[in-house]
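Here is a short briefing on the structure shown below. It is grouped by topic for quick reading.

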Amino acid sequence: MKHIISVAVENKFGVLARVSGLFSARGFNIDSLAVGETEDPTISCMTIVVKGDDKILEQVKKQLNKLIDVISVKDFVNKEHIDRELLVFKIGVDKKTKPKALRTLKRFGANAIKASADTVMVEAVGDPSHILKMLEALKGFKVKEMVRTGRIAMAL
Amino acid sequence: MKLSGAKIVIESLIKEGVDIIFGYPGGTVLPIFDVLYDSPIKFILPRHEQGAVHAADGYARATGKVGVCIATSGPGATNLVTGIATAYMDSIPMVAITGQVSRSLIGNDAFQEADVTGITRPISKHNYLVKEVDELAGTIKDAFHIARTGRPGPVVIDIPKDVTVLEADYEYPKEANIRSYNPTYISHPGQIKKAAKAIKESKRPVIYAGGGVIISNASDELTEFAEKTNIPVTTTLLGLGAFPETHHLSLMMLGMHGTAYANHAIMESDLIIAVGSRFDDRVTGKLDEFAPHAKIIHIDIDPSSVSKNVHVDIPIVGDAKHALRSLNNIVKAPDTKEWLEQIAKWKKNSPLRYNRDTDSIKPQYVVEQIYEATKGNAIIVTEVGQNQMWAAQFYKYTKPRTFLSSGGLGTMGYGFPSAIGAQLGLPDKVVFDIAGDGSIQMNIQELATAVVNKLPVNIAILNNGYLGMVRQWQELFYEKRYSHTCLKGGCPDFVKLAEAYGAVGIRVDKKEDVRAAIDKAIATDNVVVLDFVVDEEENVFPMVPAGKAINKMIDGMA
Ligand SMILES: Cc1ncc(C[n+]2csc(CCOP(=O)(O)OP(=O)(O)O)c2C)c(N)n1
Ligand SMILES: [Mg+2]
């Protein structure tokens with residue numbers, strides 16, 4: 001099952017290696033990882049999306065909690081939450097297809113941030129199903145390059 | 001007051017109550033060694049950094065204090081790695097200080113540079129790279145706090161050379177201040193009540209005690225608990241000494257080479273009370289078949305140990321001593337009369353045994369004689385292999401901190417340097433390293449350390465000419481194909497070797513000389529190497545084959 005684990009850590013060097021080491025030592029591939037400061041600049045939040053056996057992940061979460069630099073661990077699986085990811089990507093267009101591309105992007109609330117004659121650079125934000133639908137809708141266009149931030153999550 | 005980083009290190013260690021350091025010098029720690037030159041702390045120079053770290057470990061296990069070792073950058077630090085991992089697996093409080101190349105050189109493949117925090121990350125409780133001299137004192141304070149509290153463990157402090165030369169204002173912090181580290185000592189009263197109820201209702205309860213009981217100094221509480229409830233006690237390898245093995249409620253050790261009656265009791269039990277033990281695979285055997293009828297109460301300070309391998313019905317996170325005290329206040333004894341009768345039958349039908357009617361020397365006999373000669377009052381340290389298991393089975397441990405052995409990692413070469421550390425911590429005790437002919441050669445160079453420090457450590461080599469434990473597996477599971485496990489031919493003359501170092505060497509090849517040699521070793525005020533020529537193909541039984549349920553023992557008898 002896919003888990004979104006959010007780990008509040010001391011904002012110090014070396015912490016990322018400690019956290020990621022617990023996954024890599026068990027042969028888990030991290031789907032995505034987003035790290036940034038929180039409302040308290042001495043604390044960073046790492047949001048980790050990972051697939052794996054529930055029982056093993058339960059153990060990983062306990063081990064995460066055991067790390068000296070970890071302040072708290074939350075798993076959003078089976079909890080009501082929102083999660084978002086930011087994508088920046090380039091699609092290939094020409095004179096004829098560009099208007100259609102822009103209309104499609106608009107429908108998904110994505111912004112064309114830069115454009116040349118044959119390329120549109122886009123930023124898009126959404127939860128996984130929104131992003132999936134948008135990429136489906138853009139199927140007719142060539143995605144030339146794409147970077148994603150990885151998901152971040154929060155519960156009320 | 002302004003002090004150099006090196007002075008701050010030593011002043012801080014003194015403030016932590018450190019009275020002995022095991023270490024080896026080198027380029028990046030020269031400034032620290034210069035301060036050590038006239039410091040009041042006793043310093044022990046081993047002949048290999050692995051000797052330093054195991055000695056610090058043995059010192060910590062024997063005394064309960066934090067063991068401290070120091071090594072230079074690069075090869076010095078990497079030589080500590082096995083010892084740090086050994087201490088980590090067995091939850092031993094330790095602070096290991098390593099020199100690092102100067103900050104401007106880090107990451108440049110500098111001479112004797114190694115990424116020590118990277119290497120030790122998964123084998124230490126925590127580690128630090130100290131980047132500023134004014135963070136040094138606080139880091140040392142935190143490191144000792146982390147090493148000795150909660151589930152203890154080794155903490156590595158990597159200090160660049162230039163940080164030890166620079167100066168900073170020195171004031172040692174009164175308290176460690178780590179907001180994200182708050183081990184739970186006080187167990188939940190509701191859980192204690194639930195446990196007491198389950199105990200009262202049980203018919204076939206067993207206490208399964210581990211090294212955590214010794215670490216939390218809870219042996220008296222454990223004994224009170226067992227006596228109050230009339231529940232039998234089995235211990236893990238690291239739990240030996242947590243409960244007197246001479247006690248009528250003792251089942252001795254359980255697991256792969258445990259007693260048949262301990263393993264049967266666990267398998268038939270309806271309630272297992274695990275205290276400071278972690279359901280290691282050497283204890284549980286095949287997990288799906290482990291203790292099928294039992295509810296499990298698990299007392300442990302480390303939440304990540306609870307429900308890791310087996311499902312726990314009543315988890316109690318907290319200090320073993322505190323939890324047992326709370327239980328002792330309210331617990332009522334179940335009726336275990338029938339259960340104890342059943343256990344007595346198992347004990348009678350399947351005792352630990354070996355063939356006593358031989359002319360040759362059986363290794364078990366040697367261990368028994370060491371027990372008789374020391375009346376159970378010695379500190380027994382072991383190497384790894386058959387020697388370790390016979391030392392566990394045939395010596396009766398009655399007090400905590402008298403059996404020191406690398407359990408979790410199973411490190412050959414651990415025993416002798418650890419015995420040196422234990423002897424330094426407890427100078428009045430008789431210390432024996434029960435060794436194999438293979439293991440002893442892994443840190444034999446420490447004979448120099450023991451001799452030069454006038455430590456009367458005794459080494460009893462159970463010399464079977466083989467890497468015996470591996471040979472035993474080859475005999476039982478690989479059709480006696482003894483692939484690279486025979487040591488005969490290349491074995492040194494241990495008597496001459498001892499003498500070359502200035503120690504005493506005694507070879508014993510007759511059974512009738514065993515006891516006299518042991519007595520002589522104890523009476524000798526020097527290191528004594530006893531080379532017992534024992535039966536080559538003696539095996540450790542009972543034995544649970546890997547992956548089998550623990551009541552499916554080879555030679556467990558009826
Ligand atoms: C450092 C290390 N290397 C390898 C092993 C694997 N091993 C376990 S027991 C053993 C044999 C030990 O031989 P010896 O010290 O002679 O003890 P014996 O079993 O003969 O009593 C070996 C090689 C180990 N535990 N530790
Ligand atoms: Mg041997």
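The contact between the two chains draws 19 residues from chain B and 17 residues from chain A. This is a predicted model. Over all chains, a search of the whole structure finds 39 salt bridges and 0 disulfides.

**Interface between chain B and chain A**

- About 1500 Å² is buried between chain B and chain A, with 48% of it on carbon and sulfur atoms.
- B:Arg121, B:Arg179 and B:Ser180 supply 39% of the area that chain B buries against chain A, more than any other three residues.
- Between chain B and chain A the count is 3 salt bridges.
- B:Arg179 forms a salt bridge with A:Glu10, and the closest N and O atoms are 2.7 Å apart.
- Strand 6 (residues 126-129) of chain B gives the largest share of the side of chain B that touches chain A, with 3 residues.
- Polar contacts between chain B and chain A number 9 residue pairs, both residues being at pLDDT 80 or more.

**Cysteines**

- The cut-off for a disulfide is 2.5 Å between the sulfur atoms.
- B:Cys486 counts as partly exposed, at 40% relative accessibility.
- B:Cys69 counts as buried, at 0% relative accessibility.

**Salt bridges within chain B**

- B:Arg471 and B:Glu475 form a salt bridge, with the closest N and O atoms 2.7 Å apart.
- B:Arg471 and B:Glu475 are 4 residues apart in helix 20 (residues 468-477) of chain B, so about one helical turn separates them.
- Both B:Arg471 and B:Glu475 are buried.
- The side chains of B:Glu224 and B:Lys228 also meet in a salt bridge, at 4.0 Å from N to O.
- B:Glu224 and B:Lys228 lie in helix 11 (residues 219-229) of chain B, 4 residues apart, about one turn of the helix.
- An α-helix has 3.6 residues a turn, so residues three or four places apart point the same way.
- B:Glu224 is partly exposed, with a relative accessible area of 39%. B:Lys228 is partly exposed too, with 40%.

**Salt bridges within chain A**

- A:Arg151 and A:Asp83 meet through their side chains in a salt bridge of 2.7 Å, N to O.
- This pair links distant parts of the chain, 68 residues apart. A:Arg151 sits in the loop between strand 8 (142-148) and strand 9 (152-154) of chain A, while A:Asp83 sits in strand 5 (residues 82-92) of chain A.
- Are A:Arg151 and A:Asp83 buried or exposed? A:Arg151 counts as buried at 15% relative accessibility, and A:Asp83 is buried with a relative accessible area of 8%.

**Helix 1 of chain B**

- Helix 1 (residues 5-15) of chain B has buried residues that include B:Gly5, B:Ala6, B:Ile8 and B:Val9. B:Ile10, B:Ser12 and B:Leu13 are also buried there.
- B:Gly17 follows helix 1 of chain B and has a positive phi, near 80 degrees.

**Overall build of chain A**

- Chain A has 4 helices and 9 strands.
- Along the sequence, chain A follows the pattern β-α-β-β-α-β-β-α-β-β-α-β-β.
- Along the principal axes, the C-alpha atoms of chain A fill a box of roughly 60 × 30 × 30 Å.
- Chain A has 156 residues, of which 39% count as buried.
- Among contacts in chain A with a separation of 6 or more, 74% come from residues 24 or more positions apart.

Terms used:
Residues are numbered from 1 along each chain as its sequence is written. Chains are lettered from A and ligands numbered from 1 in the order in which they are written. This is a predicted model: local features need pLDDT of at least 70, side-chain atom pairs count only at pLDDT 80 or more; totals for chains, interfaces and linings use all residues. Side-chain values use heavy atoms; hydrogens and water are left out. Buried means under 20% relative accessible area, exposed over 50%, partly exposed in between (1.4 Å probe, protein chains only). Contact means heavy atoms within 4.5 Å. Buried area is the accessible area (1.4 Å probe) that two parts lose on being put together, summed over both. A polar contact is a pair of N or O atoms within 3.5 Å; within protein, one must be able to donate a hydrogen and the other to accept it, and residues adjacent in sequence count only if both atoms are side-chain atoms. Helices (H or I, at least four residues) and strands (E, at least two) are DSSP runs, numbered from the N terminus.
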